[in-house]
Amino acid sequence: MDNTTWVVNHTGRSDFDLVGLFSQYKYPALLCVIVFVVFLMALSGHIILILVIYCDAHLHNPMYFFITQLSFMDVMYISVTVPKMLMDQVLGVNKISAPECGMQMFLYLTLGGSEVFLLAAMAYDRYVAICHPLLYPILMNHRVCLLLVSSSWFLGSLDGFTLTPVTMTFPFCRSREIHHFFCEVPAVMKLSCSDTSLYETLMYLCCVLMLLIPVTVISSSYSFILFTIHRMNSAEGQKKAFATCSSHMTVVILFYGASVYTYMLPTSYHTPEKDMIVSFLYTILTPVLNPLIYSLRNKDVTRALKRMLNVGTLRKILGRKCLY
């Protein structure tokens with residue numbers, strides 16, 4: 001490889017081409033509209049959920065504090081990839097510069113890693129609330145909640161700071177086409193002309209550690225929760241506890257399942273088409289499902305939403321009467 005090629009590969013003056021999701025389908029314009037609608041649904045769903053929790057004093061407790069943080073992460077997570085993808089389709093451009101690619105990679109790794117640990121913190125919160133209700137105000141006070149959320153963000157950022165610089169410093173002397181709709185690490189690594197087997201092994205071990213600790217916390221928490229629910233005498237208490245936990249477990253299975261496929265399965269199981277479908281699941285579909293899961297299956301949130309809507313309607317009626 002001559003000096004000019006080396007300089008282009010390492011200084012980021014050469015753009016990457018994102019093959020994208022739309023090129024795989026017969027009607028890209030229709031898919032673009034669907035993705036745009038899903039994006040708007042995700043944004044509006046999370047913003048409404050955050051506002052409901054913020055405005056209703058009954059929801060000012062640790063569980064809803066964590067749900068607010070999850071919504072904030074999901075809004076950022078979907079905003080990292082979807083607007084760029086939609087704009088490229090509308091403008092007919094599919095290029096992304098190396099710095100933009102690196103920034104996108106860092107943000108989605110940081111947000112994804114943070115969400116992994118936040119889901120573990122939410123499982124621990126449910127364990128304390130259900131198994132040790134009398135100690136809940138002490139064990140899950142405001143300081144502990146802030147510490148858990150800060151730790152989630154910090155550990156997630158370590159993922160971004162570790163994987164992004166190493167991935168982007170590999171020489172890319174093959175095709176500049178990334179067979180994906182954003183700069184995901186495995187898709188970018190396929191363009192490298194150097195031996196990446198050692199790095200892929202280290203990335204695998206890193207992901208195992210990042211997933212193993214939260215999975216251990218989540219599985220342990222829910223094992224104790226199920227045992228406690230089984231021993232409850234109150235049928236209403238059992239129903240409420242199970243509804244809360246099942247909502248959380250649905251989110252965990254969706255997010256962790258996609259992460260395991262992307263970063264832990266051997267490359268022989270991967271194809272560009274499968275990778276894009278799985279990435280679509282956890283970068284676009286999961287963020288739009290989360291507010292639905294936490295609102296429709298949660299009576300406290302639905303009641304708070306009705307109260308907020310009733311207050312808004314009442315103010316409009318009073319406002320009209322005042323005008324007359």
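Predicted model: local features only at pLDDT ≥ 70, side-chain atom pairs only at ≥ 80, totals over all residues.
Numbering starts from 1 along each chain as its sequence is written, and side-chain values use heavy atoms, with hydrogens and water left out.

**Overall make-up**

You'll find 11 helices and three strands here, where helices (H or I, at least four residues) and strands (E, at least two) are DSSP runs, numbered from the N terminus. Along the sequence they run α-β-α-α-β-α-α-α-β-α-α-α-α-α. Of the 324 residues, 46% are buried (under 20% relative accessible area, with exposed meaning over 50% and partly exposed in between; 1.4 Å probe, protein chains only). Take the contacts (heavy atoms within 4.5 Å) with a separation of 6 or more: 78% of them join residues 24 or more positions apart.

**Two helix pairs**

Axes are lines fitted to C-alpha atoms, for helices over the stretch in contact, with angles from 0 to 180 degrees between N-to-C directions.

| Helix pair | Axes come within | Crossing angle |
|---|---|---|
| α4 (residues 98–131) and α8 (residues 197–231) | 9 Å | roughly 20 degrees |
| α3 (residues 62–91) and α6 (residues 142–168) | 10 Å | roughly 25 degrees |

Angles under 35 degrees count as roughly parallel, over 145 as roughly antiparallel, 65 to 115 as roughly perpendicular and the rest as oblique. So α4 and α8 are roughly parallel to each other, and α3 is roughly parallel to α6.

What about handedness? The α4 and α8 crossing is left-handed, while that of α3 and α6 is right-handed. (Left-handed means the near helix is turned anticlockwise from the far one by less than a right angle; right-handed means clockwise.)

On the α4 side, the contact with α8 includes Gly113, Phe117 and Arg126, and the α8 side includes Met210, Pro214 and Tyr222. By class, that contact has 18 nonpolar, three polar and one charged. Here Ala, Val, Leu, Ile, Met, Phe, Trp, Tyr, Cys and Pro count as nonpolar, Asp, Glu, Lys and Arg as charged, and the others, Gly among them, as polar. Between α3 and α6, the residues include Phe65, Gln69 and Met76 of α3 and Cys145 and Trp153 of α6. That contact comes to 11 nonpolar, one polar and no charged residues.

**A loop residue**

Asn94 sits in the loop between α3 and β2 (95–96). Is Asn94 buried or partly exposed? Asn94 is partly exposed, at a relative accessible area of 35%. Leaving aside residues up to four places away in sequence, Asn94 touches Phe16, Asp17, Leu18 and Asp88.
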